[in-house]
Amino acid sequence: MASPWTGIIEDARHYPSPHNSQPIVVRVEDDRTATVFYDLRKGLPAESFGIPFGHVCAGVFLAGLEVVARAHGFAVQEELDHAEMDFGRLDAAGDDHLHRLGTVTLRPRTATADDREALAGFLARRTSRRPYDATLVGTDAIQAAEAIAAAAGHRFRTTDDRATVDEIVRVNQETLFDDLQHDAVHAEILHWLRFSKRQAAATGDGLSAETMLMPGPVLRFAMEHRGMWQAPGVGAVIRKVYLSTMRGVRQLGWLEGPFSTPAEYVEAGRVFMRLWLELSRRGVAMHPFGTVITNPRSHAAFVERAEVDESDGRMAWMLFRFGHSAPPPLAHRRPAAAMTVGGTR
């Protein structure tokens, strides 16, 4: 009889991750237990807060795993380590690149119609970088997001103030340009870009030009000639192309809460995934503005504009545009075998 992990991992691999890097790896111990790792080679340590967001990604995965397992007839019991990630291990000799997150155990339960519907929603969820239609998200969806955040000790806030939205969108655009001037961040981003549909399908990961709504050759030229971003004329054209995907943004949302330890980072990831799935279920599109959070200068500008209180270990740790858009292109995923220790690719 096939292990239940076969179907669970096949579905769970559709979790979202920064740059679509898909860093979570699973080692199946037996039909009920698996060990979960974070592959440090697929992390983003060059960016400020890149290491904490490794744990956020783990929380996102675990929240998705819970949804998937329930639809397959199981509850998930976790025993997590919450140890700090040490990306310095990648510089040492040997192949020590798997950071242990902990173990997960499956407990049989009866799947319901709601569980199966939740799984369908999980599999349908996508990041939408398309232009939005300038309509506001309904009050019911906002209240549902607030309730999800509050239940975990976080706060969901939103603004549809035109000046504030436009300013933060501008900060997001400038952040990309600023980050690309840093060699390590530039190299990290370049590593995860996929400039053609064929390349994206072959690797099964990364940020494809198609999902970013840019012609592949244009994106490649712009990324490989970043110095030209500052040149008169050319820089303005690149900015215009990028901002064209931001048309119709009427509303921004963000999450504030405890964000100072690995355990808190993981819980933050759970909150974000649950909120994202709830909004997606209601037909609301989302696109995280991760670089505004991880770039210190942009983060400070956002905090000031949004009047965020980051005292007592609390932080505005997630920012995103949300609203309504046409369905975005599909982001590829690596096969389930690549998500298991001993798998391929």
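Q: Two strands pair if DSSP finds at least two bridges between them. What order does the open sheet of 4 strands have?
A: The order is E1-E2-E4-E3, with antiparallel pairing. Strands (E, at least two residues) and helices (H or I, at least four) are DSSP runs numbered from the N terminus. The model is predicted: local features need pLDDT of at least 70, side-chain atom pairs count only at pLDDT 80 or more, and totals for chains, interfaces and linings use all residues. Residues are numbered from 1 along each chain as its sequence is written, and side-chain values use heavy atoms, leaving out hydrogens and water.

Q: Which are the edge strands?
A: Strand E1 (24–28) and strand E3 (74–80). Each pairs on one side only.

Q: And how are neighbouring strands turned against each other?
A: By 30° on average, with direction ignored. Axes are lines fitted to C-alpha atoms, for helices over the stretch in contact; angles run from 0 to 180 degrees between N-to-C directions.

Q: How many bridges for E2 and E4?
A: Strand E2 (residues 33–39) and E4 have 7 bridges, in the antiparallel sense. Phe-37 stands opposite Arg-100 of E4.

Q: What lies across E1, E2, E3 and E4?
A: Helix H2 (residues 52–71). H2 runs at about 155° to E3.

Q: Where is His-99 found? Buried or exposed?
A: His-99 sits in strand E4 (residues 98–108). His-99 is buried because its relative accessibility is 4%. The cut-offs: buried is under 20% relative accessible area, exposed is over 50%, and partly exposed is in between (1.4 Å probe, protein chains only).

Q: What is His-99 in contact with?
A: Contact means heavy atoms within 4.5 Å. Setting aside neighbours within four places in sequence, the partners of His-99 include Val-36, Phe-37, Tyr-38, His-55, Glu-84 and Arg-89.

Q: Now the core. How many residues has the largest nonpolar core?
A: The largest nonpolar core has 76 residues. Such a core is a set of buried Ala, Val, Leu, Ile, Met, Phe, Trp, Tyr and Cys residues joined through side-chain atoms within 4.5 Å. Among the residues with the most contacts inside it are Phe-61, Phe-156, Leu-255 and Phe-302.

Q: Which helix gives the most to this core?
A: H2 does, with 13 residues.

Q: What does Phe-61 touch?
A: Ala-12, Tyr-15, Ile-24, Val-26, Val-36 and Met-339, not counting residues up to four places away in sequence.

Q: What other core lies apart from it?
A: One of 12 residues. Leu-176, Ile-189, Leu-207 and Leu-219 are among them.

Q: On to H12. Which residues in helix H12 are buried?
A: In helix H12 (residues 296–306) they are Ser-298, His-299, Phe-302, Val-303 and Ala-306. Down the helix axis they fall within an arc of 135°, so they line one face. That arc is taken from the directions from the helix axis to the C-beta atoms.

Q: Which are exposed on the other side of H12?
A: Pro-296, Arg-297 and Glu-304.

Q: What covers the buried residues of H12?
A: The cover includes strand E5 (155–159), helix H5 (162–179), strand E8 (252–258), helix H11 (290–294) and strand E10 (314–323).

Q: What comes just after H12?
A: Glu-307, with a positive phi of about 55°.

Q: Back to E8. How many of its residues are buried?
A: 6 of the 7, so E8 is largely enclosed by the rest of the structure.

Q: How many bridges join E5 to E8, and E8 to E10?
A: E5 and E8 are joined by 5, running antiparallel. Thr-158 stands opposite Gly-253 of E8. E8 and E10 have 7 bridges, also running antiparallel. Pro-258 has Arg-314 of E10 as its bridge partner.

Q: Loops next. Where does Ala-134 lie?
A: In the loop between helix H3 (113–124) and helix H4 (139–151). Ala-134 is not a glycine, yet its phi is positive, about 70°. At 37% relative accessibility, Ala-134 is partly exposed.

Q: And Val-137, buried or exposed?
A: Val-137 is buried, at 7% relative accessible area. Val-137 lies in the loop between H3 and H4. Leaving out residues up to four places away in sequence, Val-137 touches Ile-142, Gln-251, Val-284, Phe-322, Gly-323 and His-324.
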